[in-house]
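Colleague: I am new to reading protein models. Please take me through this one, feature by feature.

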Amino acid sequence: MNQYYSKLDSERFGYKVFKINSFPTGNLQEFIQGLKNEGVKLVISRLNINELKLINELEREGFELKDVQLTQGFQLENYEPIAIKNQFAEIRDFQASDLPEIEKIAATAFATYGHYFADEKLKQHTPEIYKDWARNSCLNKQLVDIIIVATIGEQPVGFLSLKINDNVAIGGMGAVAIKHQNKGLFKSINLKAMNWAKEMACKSIEHNVLANNLPVNAAYSKLGFQIQKSEVTLHGWI
């Protein structure tokens, strides 16, 4: 079962955490008992919302819904790159000196966001989790292919990371500093991302967004994105 082991979460929380997005067929209760025997305390699962039978079975075993995510996708075949014009900010690639501000933006913007915050046992860790994610995205070249940064007066005020996988540009982490929202920065950063993905000959670009994050989903809709799928995140304390 070591293929499910989440080293990062386990070390952060101090107990064994597994991430299981595909459950083996067979007796679910026996499988969960096996996890207990392995000393697993928490299972985090992301499943397609169409897997309702499995989701309901997991709920009967004590798993709880913690978020619902939409995958927003845009096909790039007929896309023509758009010139980026933002009166407030410069949109450019990441520089090493940007890291401290990007960490601050992530910790603040995501302080009350996502499935970790939705879990009463984990919510206090949320700012540090997203700060770590931002740091790793900036420093680990295996995780991202580009980080786009919006700056005002040389100070980073927004960012977005992307990784190409199977000819699809997949958004990783991104946010705009709260005090600089409503300045068109989100749109400008994403146009830069779309232009870059087109230049890299990607067939499409995708971003995962919480279903209840209505402003961001609306912004992607205005950019021409369409919902490709929906997934749920479950936590099982076993």
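Modeller: Helices (H or I, at least four residues) and strands (E, at least two) are DSSP runs, numbered from the N terminus. Contact means heavy atoms within 4.5 Å. Axes are lines fitted to C-alpha atoms, for helices over the stretch in contact, and angles run from 0 to 180 degrees between N-to-C directions. With these words we can read helix 7, which lies across strand 3, strand 4, strand 5, strand 6, strand 7 and strand 8. Helix 7 runs at about 30° to strand 6.

Colleague: What should I keep in mind about the model itself?

Modeller: This is a predicted model, in which local features need pLDDT of at least 70 and side-chain atom pairs count only at pLDDT 80 or more, while totals for chains, interfaces and linings use all residues. Residues are numbered from 1 along each chain as its sequence is written, and side-chain values use heavy atoms, with hydrogens and water left out.

Colleague: In what order do the nine strands of the open sheet lie?

Modeller: Two strands pair if DSSP finds at least two bridges between them. Here the open sheet has the order 1-2-9-3-8-7-6-5-4, and its pairing is mixed. Strand 1 (16-19) and strand 4 are the edge strands, each pairing on one side only. Ignoring direction, neighbouring strands are turned by 25° against each other on average.

Colleague: How many bridges join strand 3 to strand 9?

Modeller: Nine bridges join strand 3 (residues 64-75) to strand 9 (residues 226-237), and the two run antiparallel. In this pairing, Glu-64 stands opposite His-235 of strand 9.

Colleague: Which strands pair with strand 5?

Modeller: Strand 4 (residues 90-93) pairs with strand 5 in the antiparallel sense over four bridges, and there Ile-91 has Ala-150 as its bridge partner. Strand 6 (residues 155-165) also runs antiparallel to strand 5, joined by seven bridges. Ile-148 stands opposite Leu-160 of strand 6.

Colleague: Is strand 5 largely enclosed or open, and why?

Modeller: The idea to learn is accessibility: buried means under 20% relative accessible area, exposed over 50%, and partly exposed in between (1.4 Å probe, protein chains only). Six of the seven residues of strand 5 (residues 146-152) are buried, so this strand is largely enclosed by the rest of the structure.

Colleague: Which residues have the most contacts inside the largest nonpolar core?

Modeller: In soluble globular proteins, nonpolar side chains tend to be buried together. A nonpolar core is a set of buried Ala, Val, Leu, Ile, Met, Phe, Trp, Tyr and Cys residues joined through side-chain atoms within 4.5 Å. The largest one here has 26 residues, and Leu-162 and Ile-205 have the most contacts inside it. Strand 5, strand 6, strand 7 (168-176), helix 7 (185-199) and strand 8 (204-210) are the elements that give two or more residues to this core. Helix 7 provides the largest share, seven residues.

Colleague: At what angle do helix 4 and helix 6 pack?

Modeller: Helix 4 and helix 6 (residues 126-139) pack at about 145°, with axes 8 Å apart. Among the residues making the contact are Ile-102 and Ala-106 of helix 4, and Tyr-130 and Ala-134 of helix 6. Helix 4 (residues 99-109) also holds Lys-104, which is exposed, with a relative accessible area of 52%.
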